[in-house]
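Student: I've got this one open on my screen. Can we go through a few spots together?

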Amino acid sequence: MAMKGTGIISGNGDQQRTLVVVFLRGGADGLTLVPPVGNSEYYRVRPTLGVPEGDILKLGDANCGLNPAFSALYDIYKDGCLTVVPAVGSNDDTRSHFYAQDLMEHGGPVAGGWLGRFLRYRDGVPPSALSAIALGKAMPEVLRGAPAATVMESMDTFSLGSQSGPTDRLKEELGMLYGKDESILGPAARDTLQALERVEKLRREDLPPMNGAEYGDNSFSNGLRQAARLIRARVGLEAVSLDLEGWDSHFAQETLITPLMTRLSDGLAAFHRDLGKLMKKVTVVVMTEFGRRVAENSSFGTDHGRGGTMLVMGGTERGNVFGEMPELETGILVGPGDVPVKTDYREVLKPILTQHGAGGSMAEIFPVG
Amino acid sequence: MKQRESDEVSRRHFLRATAGLALFSTSSCERVEDWLGLGPKEGPVVPPSGEGIDLISHVLNRTTFGPTPLEYARVKGLADTEEDAVAAFLDEQLNPDELEDKRAQRAVRRFEAIHAPLAEMYEYKEAFLLEQLTRATLVRATRSKRQLFEIMAHFWSDHLNIDVSKKECRWLKAADDREVVRKHALGKFSDLVRASALSPAMLWYLDGRENRMRDSSEKPNENYARELLELHTLGVGGGYTQKDVMEVARCFSGWTVRDKGRFYKGRVEFHSEAHDDGSKVVLGHEIASGGGEKDLDDVLEIVCEHPSTARHLAEKLCIRFLADEPSKASIDATAKVFSESGGDLCKTLRSVFETDEFLNGARGQKLKRPFEFIVSALRGTRAKVSSEMDLVDYLIRMGHAPFQYPTPDGYPDVASPWTGTLLWRWHFAIALSRNDVSKEIKINQDELIEKAGGVAGLAASLLGRIPSKEELAAMERTGESLALLLASPGFQWR
């Protein structure tokens, strides 16, 4: 077979950028992930849960910082590769997990997910079979409507007929038949065989992460590790979706979400280190359906709110804080006492999607507003 | 309540079935046998024997979800010449109500949710409704004898696209499929468009429900009006202006769909107080003030009879049945019949099938979309499918799950957007031939080969022509003829 792992994949693009979307399901508490700095009202309404001022990792002279559990991410911030967005969210005011997640993943009250529409309508060549993966068990709404999207739990998903014996001869003969095909399927088949070859090489070799990166032993970190391998193998991966669940902290919030923050931070830092220079072509967006009530409740937790947090890592993003933490006085809060949404999440996504080749398709990706 | 309704459903089906029986007793014995499930005597079937795709295979490729060995033989037996045989076949297909289809109907009956009255749709979990609708769609495409009807149902599902993931479409699309798409799939175009305009799912999908002008401060919601002109009727460049879009939106203002009340949810209503009752001008036609709900009919008459609509629909039908870039002559001829017949879809289709491009043009030059690929593989291999959900996984991977296209233009019907789907086509071809798709999907490869008189015969029945020397040699070398055939370039086209 003529296909070797070294050529350039023409159709699905060795030059392709990859966008990784991490969804923190359950509504992560923005005021804990990214606590305000120098805000006495915060400590008044969060007597137990407020992050002590001295522990907050400062972001220049911004009026918010990073939770100390994000120490690994803090290094990335200092390297200029992390953007922190406080008080960000959607215009959903139902405070329902289901509606708010749906709205944010669809990109408005529209059909299909924004990542799915991005893949379908972005400029350039049609997506390849491996252009989008959801790491997990089910297809997330954000990828709905994608021209190709695969739910993947392990690398085996991609190989041909792995359950029932080898397919080398079939691949060889298909390479021969499609090699003589003069239709548009000819080049598509060549790309497909090459991508397969690269995935199978990955499976065979199972190389350790690069640059001394160490991933934790949990499904989130493992998902990121798989994503990094696929990105490095240049199989045409353009979009990855994965979830980190369990942020719905109505009681005992600190015990509940501190380990999650560590997991998020360490996972992303390992991914960042693993990919090294390739991070120039990779952007990771961390988002959640809403933030939580400003005042803590009587069971040391917080209830559903509005403005939350987004984090953006990599790409050509510069380390900074996008927007600012609003004051937390009564007159400024919305609804039953929630952080107002100062930045629409789509305003954070649009420039990123443009960088990833959205071209003239923004009206299809975000049809409303 | 629930029980009574399902009894009614089965009674309706029973009546339909007996009607079929009455009709049936007048037709030929061969079909009686077929109807009774005895089938024609199954000996070896003579597969296509030409070097290129023969006319019968070509017609089956284009007007059905793929030939089956038995259907090929049956059509061949309809007349002495290929030309007469396909003419007789198309006559049958263009009169679907007279085609007995009991087995497919019985297979679909078990999806009770999609037969429920509108208000009851809300009682189902939306994921369950979508599952039932999707499975029913796969069952019909695979097993219905009214293949052209099913192809047209697909065509209209794209033309009048509704994505179930938008708001209440997740409950209402099943009713749209039944009352709009399937009810008028081979009827009159204007009836279809009217049903769609007043479909609860469409009123949600394109925001018609929010198009209200209770006073001069309110602006009409143009979304449906724009897509009606741009996609459903005149087409881009069809000669309408932004002003026409706004005027059409004014005409439709006041039509809405109930979103509250247990028994009224989903009901379509006209609210005269939310209707802009002033005079309008649509595409040069004056619509007098005071028309109220009649404005909608005036608009639909204007747009359905517009010459751009005939041309737009003719072009889309020609793209479906003839080529990604059909000839101007074919489009013109089709548009002429569409206009002259007042949008009679059967007559229009007949004219498509009479074009020189259809009968004598290039064959095997339309790429099967993923849904068509999967269904044609199931049909060609006579697969026994007892659960369809594993097929849906493949469709999602290939971006072609029914009723899940996000924007109003529907899944594309030309080759280029689908070239990234080869990996999963191969995956499916191998899994199907090795009986690895799931426990619920099984084929009998040995029997297929035996009935076709060998692997070359099997290849011929799947490709509509005898296999080339390269194809034959490749089949032999792999030792997995069927997997290779289904994955090969030849089987990707129709």
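Student: Is Phe403(B) buried, partly exposed or exposed, and why?
Tutor: Keep in mind that this model is predicted. Phe403(B) sits in the loop between helix 21 (389-397) and helix 22 (422-433) of chain B. Its C-beta has 22 neighbours inside 10 Å, and the cut-off is 20 or more, so Phe403(B) counts as buried.

Student: What is phi of Phe403(B) near?
Tutor: Phe403(B) isn't a glycine, yet phi is positive there. The value is near 65°.

Student: Asn211(A) has a positive phi too. Is Asn211(A) buried or exposed?
Tutor: Phi of Asn211(A) is near 55°, and the residue lies in the loop between helix 7 and helix 8 (219-232) of chain A. Count the other C-beta atoms within 10 Å and you get 11. The cut-off is 12 or fewer, so Asn211(A) is exposed.

Student: And what about Glu53(A), which class does that get?
Tutor: Glu53(A) is in the loop between helix 2 (40-45) and strand 2 (57-58) of chain A. There are 16 C-beta neighbours inside 10 Å. Buried needs 20 or more and exposed 12 or fewer, so Glu53(A) comes out as partly exposed.

Student: Which helix of chain A gives the largest share of the side that touches chain B?
Tutor: The contact takes 42 residues from chain A and 39 residues from chain B. On the chain A side, helix 5 (114-121), helix 6 (168-179) and helix 7 (185-205) each supply at least two residues. The largest share is 7 residues, and it comes from helix 6.

How values were computed. Residues numbered from 1 in each chain as written. Chains lettered and ligands numbered in written order. Predicted model: local features only at pLDDT ≥ 70, side-chain atom pairs only at ≥ 80, totals over all residues. Contact = placed C-beta atoms within 7 Å. Helix = DSSP H or I, 4+ residues; strand = E, 2+ residues; numbered from the N terminus.
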